[in-house]
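Here is a friendly walk through the model shown below. Have the viewer open as you read, and follow along chain by chain.

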Protein chains: 2
Amino acid sequence: MSARTAANTQYGLAPVGLNVTRDLSAFLATFHFEDLPEAAVHQGRRGVLDWLGCALAASRHPTITKLLSVLKSTGAGGQATVLGHTLKLGLLEAAIANGQMGHLLDYDDTHMGGVVLHASSPILAALFVLAERGPLDGRAFIAAYAAGFEAGVRVGQSAPGHYDGGWHLTGTLGTIAAGAACGRLLGLDGQQMVHALGIAATQASGMQQNRGTMAKSFHAGKAASNGLLAALLAQQGFDSSPEIIEGKHGFSRTYSNVADPELVLQGLGARWEITRNGYKPYACGVVLHPAIDAMIALAGKPPPDPNAIARVELRVHPHAVKITGVRDPANGLQSKFSLWHSAAVAYLDRAAGTAQYTDARAAAPDVAALRERIEVSTDETFRKDQASAAIIITTGERYAAMIDHASGTVDNPMSDDAIEAKFIANASPAVGAERAQNIAALVWRLDTLTDVRSVVELCAGS
Amino acid sequence: MSARTAANTQYGLAPVGLNVTRDLSAFLATFHFEDLPEAAVHQGRRGVLDWLGCALAASRHPTITKLLSVLKSTGAGGQATVLGHTLKLGLLEAAIANGQMGHLLDYDDTHMGGVVLHASSPILAALFVLAERGPLDGRAFIAAYAAGFEAGVRVGQSAPGHYDGGWHLTGTLGTIAAGAACGRLLGLDGQQMVHALGIAATQASGMQQNRGTMAKSFHAGKAASNGLLAALLAQQGFDSSPEIIEGKHGFSRTYSNVADPELVLQGLGARWEITRNGYKPYACGVVLHPAIDAMIALAGKPPPDPNAIARVELRVHPHAVKITGVRDPANGLQSKFSLWHSAAVAYLDRAAGTAQYTDARAAAPDVAALRERIEVSTDETFRKDQASAAIIITTGERYAAMIDHASGTVDNPMSDDAIEAKFIANASPAVGAERAQNIAALVWRLDTLTDVRSVVELCAGS
């Protein structure tokens, strides 16, 4: 008995099986909607609403316009709705488009279980496309959504060196998550689910090298499309390795310099990963959120004139500087990777929504002037969702704020009202305020719907 | 100056640039067809003919039937020909289908430059789909084909630990090769080519774990489709990292535990990778070919009765046992990964074509009986294209054969006549003997064609 198996037994968790892929697949194929605690179901409602808003907010973005012009030209005929558009595309193409939309503004949800995964863009882009093929009820939809979280997060946990290896987890793990979710919605049995995971995982890709480019959000779209294709192939009898996670050349070892496949099964059925999902109040990476919280907290205090600020002292976890270290962003996209920009604009605008990450705001003189006065230091003892900020004004006075848990994290979650308000703000420009309200009302009772297509229809362009 | 840069200067090779991705892209976008030596152009003709035969031979395979049933159901409307079928699909879907066909029988070409890449399935599946959109001449087509080889092989050389890391290179490097080839055929400029490579590489995937399953040849189809999509997006202004090969989180470091990005530019324009392409006389991995050669060489000698064989001594490079170590294959697909099956069936049938790797032949009593009498030993001093075999008959006599270079390698190439005969045998069941002859005649003068669609039209079903 391994140390881990012993620990599992000691804590009453699921015993570690020898065949990780098989056991995970059997679970994903056979758990019941009724097994989900209400907290998981409610995160399902919240996650769907939040993600639809993120996708609709990006539906007219120039990057999406370019993407759609290509996808239309590849000649794909249409069954599947492109969110916010009257256009329909083939299933694989629509999944790419909707998945990229969902992630494009860096505004979509983030899992808080040690695996930096934006799971909903790959999962939901694939599921909504699949749901358009026939009547599928909201309970099946939520169960599939939860299955996607279990697969994506747990496989990620089996590959502890995965993130540091340079992978963009929303691309890699997102493919597996989407494959599992679609497999579940298609009603695959355990053996077919093994193959859905195997065909999905073998398509997993996305490099961190593409951070700050259009290719980054494209990863989410491809994850959705690849996962969907994997599940459809598995349903038709396509096969793959029965050990795609734990095998000698399987995911845990190929995508990570250290492997811990046993973690996949730990607490399966007892802990639901969807309940550890966080939502973003700000349209940028979660790593920036505590600093933004701190600056917004200070914005309510004197001085009213930013010119009176001598300097800002910002203290963050080192990770924040590592991945959002752009000092002088050249455009809106780059500004999402700038701790300096985010702190400055949050103070000035008391917000960090899509309006704060435009090309115009990245170039604005007031933001640039304040950016220059921000001094960042790092603190190894901080958690990643922790930050402090202090404003020292020219007369020497000092105002300080400390954030222990960034808003939107599991420890300081956004309220349902805040999620709905974010959705309405995101969705209204694309579908109008009235339809946005109608979509929200439907999604809050998602588990009672007999046909999820009613949601998709409201999210199409008119 | 690094040791490598010094060596390059000493030998008059291209100086090592600081920006590998940029310099490679500029080369791929700007070299002229006239820069290709006749040997490269001729490998273009040979490669196209050989690959079309492999694809047509697999066009009615049950795996392709399953794949096509899914791709039709995703609702993709049709512009692009599925080889051997009257069916047309969207560009992305047709590239998947044709790419998987090309690789399915393990009969397609293999690059001999230290990178185990079956380049033509990803490259040509993508190029033929693209060529159907409008009149493109054969010279542009061959130049694009050569560009794909340069990109795929050279990026592979920059990641020396890539294969041992568990990757299926036809999936990973094939995506980059297809992206570069399509970018070239689309006439992208150097900057757009940077992005074509960046968007292609970030989709690179395929695990060796799926060897022996339907997912393996699927990798080649996805590589074709993903590379095609990358080039189309780059043409529309999609961007990506300018350092996707050499960057801190770029391909060389993410996909390999050791990185040598400078190798990408070494001898660029002086050495053409397409000239180092090998073709397979046998329908299985090249690693098996020298052993098959040896057994066929012995088949011409006594004894005429296989039952008189006491034992067979087979001596191979250790790699052959490592990746084709299946002793008792359960079906035709598994038999392609069996050194024992390959040696036995080659001796009995004096051939190792598609007919030798069927479910029936894998289960045949005569093959099984001989398999059991084969004793394999490994020799570290052998090259991978080297093998020896000895047959010891019951009366004690011994017949031996030594193969120094397997047939089909660069050192012992298939003749043009042998390539054409293989094509005719492969293509005739799908398109008929007369059209097969017509296709061969067209492809032998590929560089004189004004519209490559004439080849595609003959390869469609009727």
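## Where the chains meet

Between chain B and chain A, the number of salt bridges comes to 0, a salt bridge being a side-chain nitrogen of Lys or Arg within 4 Å of a carboxyl oxygen of Asp or Glu. Polar contacts are another matter: 34 residue pairs make one across the interface of chain B and chain A, both residues at pLDDT 80 or more. Such a contact is a pair of N or O atoms within 3.5 Å; within protein, one must be able to donate a hydrogen and the other to accept it, and residues adjacent in sequence count only if both atoms are side-chain atoms.

On the side of chain B that touches chain A, at least two residues each come from α4 (62-73), α5 (91-104), α9 (190-201), α10 (214-235) and α11 (251-254) of chain B. Of that side, α10(B) gives the largest share, with 9 residues. By type, the residues there are 22 nonpolar, 31 polar and 8 charged (Ala, Val, Leu, Ile, Met, Phe, Trp, Tyr, Cys and Pro count as nonpolar, Asp, Glu, Lys and Arg as charged, and the others, Gly among them, as polar).

## How the model was read

Please keep in mind that this is a predicted model, where local features need pLDDT of at least 70, side-chain atom pairs count only at pLDDT 80 or more, and totals for chains, interfaces and linings use all residues. Residues are numbered from 1 along each chain as its sequence is written, chains are lettered from A and ligands numbered from 1 in the order in which they are written, and side-chain values use heavy atoms, with hydrogens and water left out.

## Area and symmetry

How many residues of chain B are in contact with chain A? The count is 61 residues of chain B, in contact with 61 residues of chain A, where contact means heavy atoms within 4.5 Å. Together the two chains bury about 4,700 Å², 61% of it on carbon and sulfur atoms; this is the accessible area (1.4 Å probe) that two parts lose on being put together, summed over both.

Chain B superposes on chain A by a rotation of 180 degrees with 0.0 Å of shift along its axis, at an RMSD of 0.0 Å. That is the relation of a two-fold axis.

## Strands and one arginine

In chain B, strand β5 (residues 309-316) runs antiparallel to strand β7 (residues 387-393), joined by 7 bridges, with B:I309 opposite B:I393. β5(B) also runs parallel to strand β6 (residues 374-378) of chain B through 5 bridges, and there B:V316 has B:T378 as its bridge partner. Strands here are DSSP runs (E, at least two residues), as are helices (H or I, at least four), numbered from the N terminus; two strands pair if DSSP finds at least two bridges between them.

B:R398 lies in strand β8 (residues 398-403) of chain B. Beyond its neighbours within four places in sequence, B:R398 is in contact with B:E313, B:A390, B:I391 and B:I392. With B:E313 there is a side-chain to side-chain polar contact at 3.0 Å.

Notes. Copies are superposed by least squares on the C-alpha atoms of residues with pLDDT of at least 70 in both.
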